[in-house]
Amino acid sequence: MANTKFPERGIPKEEVLQSLDAYRAADGDWQHGKTWSLVYYAGEEITALTEEVYRKFFHTNGLNPFVFQSLKRLETETLSMAADLFHGDGQVAGSLTSGGSESILMAVKTYRDEARLLKPHITQPEAVVPASAHAAVEKAAHYFGVKLLHAPLAADLRVDVAAVEQLITPNTIFLLGSAPQYPHGVIDPIAELAALALQHDLRLHVDACLGGFTLPFIKELGGNVPDFDFAVEGVTSISADLHKYAFAAKGVSALLYRNAEIRKHQYFAYGDWPGGLFISPSATGTRPGGAIASAWAALKFIGREGYLEITRGVLATTKKLLEGVRAIPELEILGDPPAGIFAFGATHLNVHALADHLEHRGWVVDQQVNPACLHFMVTPAHAGVEDAFLADLRAAVAEVKAAPEQLTPSVALYGMRAAVPDPAVVNQFIKDAYSRFMTEGGEFSFEGLV
Ligand SMILES: *Cc1c(COP(=O)(O)O)cnc(C)c1O
């Protein structure tokens, strides 16, 4: 652990701020479009507003909507705006959570608890999810004791619906599809999954954490986006992150159910607590009011016209990037991604080496496996960086081709991972390496894995 002692006395404000600026100096440069994930930046005007709103609600706590009536109102109005966007009717009910992971945790917990009540013969609940489902789904199933069965992807990287049906058993409680899925940005066949769910009396969660606040606008602009929301009968819940393409402050996501009857299985109550009648809608206790208020403010301030404008820009940037990547013979866009989320693989060169060469040039790109590819999420911050990125990409491809055997750090890391067939061993190593990194610092490495 860093050897930082508890401060004896306070230091001046200027010193606090200066230290923090020094700490930030080596962070990913998201403001200038150098990062391709993690930060959704729509410019100074929107940021200034959401910051001001956050500050106004800095001290408020959504844990108690009786005390903070304003937050109750902001939460229900935000959920109502989202439900309207997702073609919900007056029955739709939900919660704001701290993010996509908590929304998914809660949906899984809701369906588990509902099944305990309505399908008591099930002792080991199961769910069938695409192999491309977000890792948060794995985490939720792990936390709540639901067994996941993974359906393979079809050639277009959308889940293979026939394979999903084959994996349904008498213990299945829900299905899941993503709109779009994170790794390759393609939309699972939601209508087909919904038909299956209805036929087998199952719930269907749509993970629109990424797409919730961009797909409706892409559709309106004429993009190739099939219905993925409550317009599809059989969709019983939707998660949509406000802190992604809605541009709210970090820490807020919407989880919506088709009706309040389903939602009640999400709630936790404890009436015998010496601390008072306890009711909590979701996983966290204290809920930062600033995040809730920033979500409301972003939707109100930007509005449908504003989101259409932002989306138009993101799509134009994405088009340039996709054309540029397609013009490089060694690279291949995976699937047919309709939004600003895409991945490319490579023939005859190692994409992990390519990632390291891009990193040398200041770009922060995410690396993926099964298949090996690099992952990009386009935001307004990327308007104007297309040419610089593509030039660096062409240069990086040439560099990797010139030294195909070079063992860069990522080639070593992913090579070691691939050499160990047992996922449990790899998972344990990831935990150990992360723990080492958090306590001792240095490089994240799989030293000793093979
Ligand atoms: C981001 C994301 C999540 C997880 O959301 P967090 O806000 O990071 O917890 C889940 N599913 C998808 C598709 C996502 O893109």
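The structure is a predicted model, in which local features require pLDDT of at least 70 and side-chain atom pairs count only at pLDDT 80 or more, whereas totals for chains, interfaces and linings use all residues. Residues are numbered from 1 along each chain as its sequence is written, and side-chain values use heavy atoms, with hydrogens and water left out.

The domain assignment divides the protein into domain 1 (53–298) and domain 2 (425–450); such bounds come from an automatic or database assignment. The centres of the two domains, taken over C-alpha atoms, are separated by 32 Å.

Side chains of opposite charge can pair when their charged atoms come close. In total, 20 salt bridges are present in the structure, each defined as a side-chain nitrogen of Lys or Arg within 4 Å of a carboxyl oxygen of Asp or Glu. One of them joins Glu-75 to Arg-287, with 2.7 Å between the closest N and O atoms. Glu-75 belongs to helix α3 (residues 69–85) and Arg-287 to the loop between β9 (278–280) and α10 (289–326), so this pair ties together parts that lie 212 residues apart in sequence. Helices (H or I, at least four residues) and strands (E, at least two) are DSSP runs numbered from the N terminus. Glu-75 and Arg-287 are both buried, where buried denotes under 20% relative accessible area, exposed over 50%, and partly exposed the range in between (1.4 Å probe, protein chains only).

Helix α4 (residues 100–118) contains Glu-114, which is buried at 8% relative accessibility. Glu-114 forms a salt bridge with Arg-203, the closest N and O atoms being 2.6 Å apart. This pair links distant parts of the chain, since Glu-114 is in helix α4 and Arg-203 is in strand β5 (residues 203–207), 89 residues apart. Arg-203 is partly exposed, at 23% relative accessibility. Salt bridges with shared partners also join Lys-109, Arg-112, Asp-113 and Arg-116 into one network. Within this group, Asp-113 pairs with Lys-109 at 2.8 Å between the closest N and O atoms. Both residues lie in helix α4, four residues apart, or about one turn of the helix. Asp-113 is buried at 19% relative accessible area, and Lys-109 is likewise buried at 11%.

No disulfide is found in a search of the whole structure, a disulfide being a pair of cysteine sulfur atoms within 2.5 Å. The sulfur of Cys-209 is 20 Å from the closest cysteine sulfur, that of Cys-373, and is therefore too far away for a bond. Cys-373 is accordingly in no disulfide, the nearest cysteine sulfur being that of Cys-209. Cys-209 is buried at 6% relative accessibility, and Cys-373 is buried at 0%.

A further buried position is Gly-177, with a relative accessible area of 0%, located in strand β4 (residues 172–178). Gly-177 and Ile-262 are separated by 85 residues in sequence and by 18 Å in space, C-alpha to C-alpha.

At the surface, a nonpolar patch comprises Ile-11, Val-16, Leu-17, Leu-20 and Tyr-23, with about 510 Å² of accessible area together. Patches consist of residues with over 30% relative accessible area and no salt bridge, like charges being joined within 9 Å and nonpolar side chains (Val, Leu, Ile, Met, Phe, Trp, Tyr) within 5 Å. Accessible areas come from the Shrake-Rupley method with a 1.4 Å probe, and for residues only the protein chains shown count as cover. Tyr-23 lies in helix α1 (residues 13–24) and is exposed, at 66% relative accessibility.
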